[in-house]
Amino acid sequence: MTPDQIIFLLCAALIVSSALMVVTTRNLVHAALWLVAALFGVAILFGLLQAGFLALVQVVIYIGAIAVLFIFAVMLTRREMRDKGPQVNQNWGIGAVLALLTFGGLAYILSSWDGFSSTAKAIPLGTDSLMMLGKALVSPDAFVLPFEVASILLLAALVGAVFIASASKD
Amino acid sequence: MTFWNDPINFIAGWLRSVFTDWGLTDGPANVITSLIGIVVMILFAMLIAIALVWVERKVVARFQDRLGPNRIGPFGIFQPFADIVKLIIKEDITPAGADKAVFNMAPVMSLASVILIWAIVPLASKIYGVDINVGVLYLVAVGSFGTLSVIMAGWASNNKYALIGAFRMVATMISYEIPMVVALLIPTIIAGTMSVKGITEAQSNLWFVVLSPLGLLLFMISAIAELGRSPFDLNEAESEIVAGFHIEYTGMKFGLFYAGELLHAFTFGGFMAVLFFGGYGGFFGLEKLSAFTWLSNPFIELVVFLVKALIGYWIIMWVKYSMPRIRIDHMLTFNWKFLTPLAFVLLMVTALFDKILAPTQFYVLGMFFSNISLAWIVIEILRRISKRERIEHERNAEPVIQVAHP
Amino acid sequence: MQNEWLYIGLFIVIGVIVPIVPLIASHFLAPHKPNPIKQSTYECGIETVGESWVQFKSQYYIFALVFLVFDVETVFLFPWALAMGNLPLFAVIEGIIFILILLAGLTFTWRKGLLEWA
C-alpha cells in the first residue's frame, strides 16, 4: 500500500460519507456544509493526481461560489431550516433494488474495461501542463472555438439570471 | 551550503540525516522533516500575529492623537501577551439555540484559512514553504474558505444581527473577489508565470508598480474590501449592528477571529509587496557586484520582505483609520458598476500593450503611460457624469421664491 | 517533496490543529457557569423582539449569481494570461473577445436594473 493509495482511500471515504450525510441530514444548512466537505474531497483527489490548477479551480468555483450560492438560497427562502416528516416514502424498497441493480451493472461493465489494469503513459518530465493548457485554449487548431463558445454560454447564463430575477421582481 | 547561505535546506538536511541515523527510511524522514518545517512556519506566522496586536493598537492610538498601551513592559510591548491570557481565561458562552458544531468550527476555519496562505509566502529566495506553480490562484482559493467561515459564524449564532452582518460581509467579499482576481492577473501577464516566487524573480530589474500603478491601486482597494476592514467594514459597524457576525463569540473564539483578521491584513500587505514591489528582492542587481554579494543573503532578504510587508500593512491601517465607513449599497454598486469594468478594461489594455510593446524598448514607458492615460480617461468620464448629474439636480430643484418684505 | 500538494495537505492538517490548541487551553482554564441570562441572544442589552429569522433582500442572491458567472470567467482567463507571453498577437485578441462578450453581459445586467441596491 503506497501512501498515495492510503490517501486516496481516506479521501474516497470522506467523499462518500459526506455525500451520504448531504442526503440524509435533516438540517438544510448542515447539508450544504457536508456538500462543501464532499467537494473539498474531490479537490484533494485532483491534488493527488498532481493537477494543482484543477484542484484550486474546484475550490474556487465549487466551494467559493456554488456552495455560497446554495447557502444563500437556503437562507433566503426557507423559514424553517429542518426537514419535517419521514425521510423515505413508501417506494423505498423498489428504489433500493433499482439502485443495487444499477450499481451491479456499472460494476460489471467497468470491470471488463482494461483501463484499470494498464498504467497510463507517464508525462515526460519538464512538461509544463499549465502552459500547454493555456496554449491549447487559444490556438486555432486546438480549443479556441470551445473557449469562445464558453463565454457565450456564460453570457446566456447571465441573461437567464436577469430574466428570472426581473420576472420575480414585478 | 552553510547555515547562513541556505538556512532551510541546511537544517532540513541535518534533520533528515538525524532521522535516517535513527533508522527511518527516506520517505517518513522527509515527511517528518516537512512537518517540523510546517510547524516552524506556522509558529512564525502566529508570532507575527501577536506582534501585530501591539502594532495595531499603537498605530491607531497615534492616529487618534493618544498614546496607546504603555503600561505593560516598555512601550507596552508585552500587551499582546496580557491580551492572550485574558482571552483564554474568559468564559466561553454559547448562546441558546446556537448550532454548536458549526458555531465552534467557524473561528477555527477562519484562522486556518489565513494560516494556509503562509505555505506559499516567499519570505526570501530560499525561505518559503512550497513554490507551487499556481500560487496566485491559491490565494483566491483560501479566500473562499474565509468567506464560508463568515457565513457559518453568522448563521450559527442564532442572532439576527449576526446574520445581517454575515450576509453583508459575504456579499462584499464575493463581489470584490472579481477585481482582486483581475488585479492578480496583471502581474501574471507581465511576469509570465503564476507562481509567487516567479513573479518576485521577474521583478529583479524593475518593480511592477512602475509598469502598472493602476493594478496596484485595484489590488489595494479589493484587498481592503476582502479583509472586511474600514472603509468596507459595514459588517462590524458598531453603531449599526454591534460587531456583526461575531457578536455571540466570547473569549478565545473571538480572539481567533481577531488574530485572523490582523494576520490576514499583514499577509495582504506582504502580497502587495510581492506582486508589485519586488518582494524580497530590491537591490536591482547591486548584489551581483562582488563587493555586495552579502546582500543576497537569505536573512537580508527576509528583513527586506518584512519591511515591505509592514509598509503595506501600514498603508492598510492608514486607510482604515482615516476614512469613514461606506454604506452597503454604495459598496456593492461601486464594485459592480465601476471597479469590475475598470478592472477588465485594465486587463485588456495591459494584455494588448504587453504583447505589442514587449520586444521594443518602449516597454516600460508604454505600460506606464497606458495606465496613466486609462486613469485620466476614467476620471474624465466620471467628471462628465457627475457634472451632468449636478446640472440635472439643479434643474429639478425648487426655484427660490422671493418673499416680498413688508 | 515529490508532490508539493502533499506539503499543502500537511499544512492544512496542522493549520487546523494550531487554532484548536488555544481553544482547548481555554476549555480547561476558563470558568464554565452557564445561566439562561448569559446565554440569551444579544440585542443591545434588551430582550429580543421578534424571532431571529428575518426576510432578507433577494438582491443578495442576485449578486451571488452575477459573481458566479464572473468567477468562472476569471478562471478561464488564468491559463490565457499564463500562456500569452509565448503566443502571437492573435491569442491576445481572442482573450479580449472573451472578456468583451462578458462585459456586454455585465452592461446588460446593469441596464436591466439588477445591480441596484444591496
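Angles over 145 degrees between N-to-C directions count as roughly antiparallel, and that cut-off is handy for the exercises below. Keep in mind that this is a predicted model.

**Exercise 1. Two helices inside chain B**

Work out how helix α5(B) runs relative to helix α7(B), and which residues make their contact.

*Solution.* 
Step 1: Find the pair. Helix α5 covers residues 135-156 of chain B and helix α7 covers residues 177-191 of chain B; their axes are 10 Å apart and the packing angle is about 165 degrees.
Step 2: Apply the cut-off. Over 145 degrees counts as roughly antiparallel, so α5(B) and α7(B) are roughly antiparallel to each other.
Step 3: Get the hand. The crossing of α5(B) past α7(B) is right-handed.
Step 4: List the contact. On the α5(B) side look for Val136(B), Leu139(B), Val140(B) and Gly143(B), and on the α7(B) side for Glu177(B), Val181(B), Leu184(B) and Thr188(B).
Step 5: Sort by class. That contact has five nonpolar, two polar and one charged residues.

**Exercise 2. A helix pair across chains**

Describe how α12(B) packs on α1(C): what are the crossing angle and the axis distance?

*Solution.* 
Step 1: Take helix α12, residues 251-276 of chain B, and helix α1, residues 4-29 of chain C. Their axes come within 9 Å and cross at roughly 160 degrees.
Step 2: Use the cut-off again. That angle makes α12(B) roughly antiparallel to α1(C).
Step 3: Check the hand: α12(B) goes past α1(C) in a right-handed crossing.
Step 4: Pick out the residues. α12(B) brings Gly251(B), Met252(B), Lys253(B) and Leu256(B), while α1(C) brings Pro19(C), Pro22(C), Leu23(C) and Ser26(C).
Step 5: Class them. Five nonpolar, two polar and one charged residues make up the contact of α12(B) with α1(C).

**Exercise 3. Chain C and its partners**

Find how many residues chain C uses against chain B and against chain A, and which elements carry these contacts.

*Solution.* 
Step 1: Start with chain B. Here 54 residues of chain C contact 62 residues of chain B.
Step 2: Look for the elements on the chain C side. α1, α2 (59-83) and α3 (89-111) of chain C each give two or more residues, and α1(C) has the largest share, with 17 residues.
Step 3: Class that side of chain C: 41 nonpolar, 10 polar and three charged.
Step 4: Turn to chain A. This contact takes 38 residues from chain A and 38 residues from chain C.
Step 5: Find the chain A elements. α3 (52-77), α5 (129-138) and α6 (144-169) of chain A each supply at least two residues; α6(A) gives the most, with 15 residues.
Step 6: Class the side of chain A that touches chain C. You get 28 nonpolar, seven polar and three charged residues.

**Exercise 4. Chain B and its two domains**

Sketch chain B overall, then describe how domain 1 of chain B meets domain 2 of chain B.

*Solution.* 
Step 1: Secondary structure first: chain B has 15 helices and zero strands.
Step 2: The C-alpha trace of chain B spans about 105 × 65 × 40 Å along its principal axes.
Step 3: Note burial and contact range. Of the 406 residues in chain B, 49% are buried. Among contacts in chain B with a separation of 6 or more, 76% join residues 24 or more positions apart.
Step 4: Domain 1 of chain B is 1-89 and domain 2 is 95-389, and their C-alpha centres are separated by 23 Å.
Step 5: Count the contact: 18 residues come from domain 1 of chain B and 16 residues from domain 2 of chain B.
Step 6: Assign the domain 1 side. α1 (7-22), α2 (26-63) and α3 (79-89) of chain B each give two or more residues, with α2(B) providing the largest share, 11 residues.
Step 7: Class the domain 1 side: 15 nonpolar, one polar and two charged residues.

Note on methods. Residues numbered from 1 in each chain as written. Chains lettered and ligands numbered in written order. Predicted model: local features only at pLDDT ≥ 70, side-chain atom pairs only at ≥ 80, totals over all residues. Axes fitted to C-alpha atoms, helices over the stretch in contact; angles between N-to-C directions. Helix = DSSP H or I, 4+ residues; strand = E, 2+ residues; numbered from the N terminus. Parallel < 35°, antiparallel > 145°, perpendicular 65-115°, else oblique. Left-handed = near helix turned anticlockwise from the far one by under 90°. Contact = placed C-beta atoms within 7 Å. Nonpolar A, V, L, I, M, F, W, Y, C, P; charged D, E, K, R; others polar. Domains from an automatic or database assignment. Buried ≥ 20, exposed ≤ 12 C-beta atoms within 10 Å, placed from the backbone.
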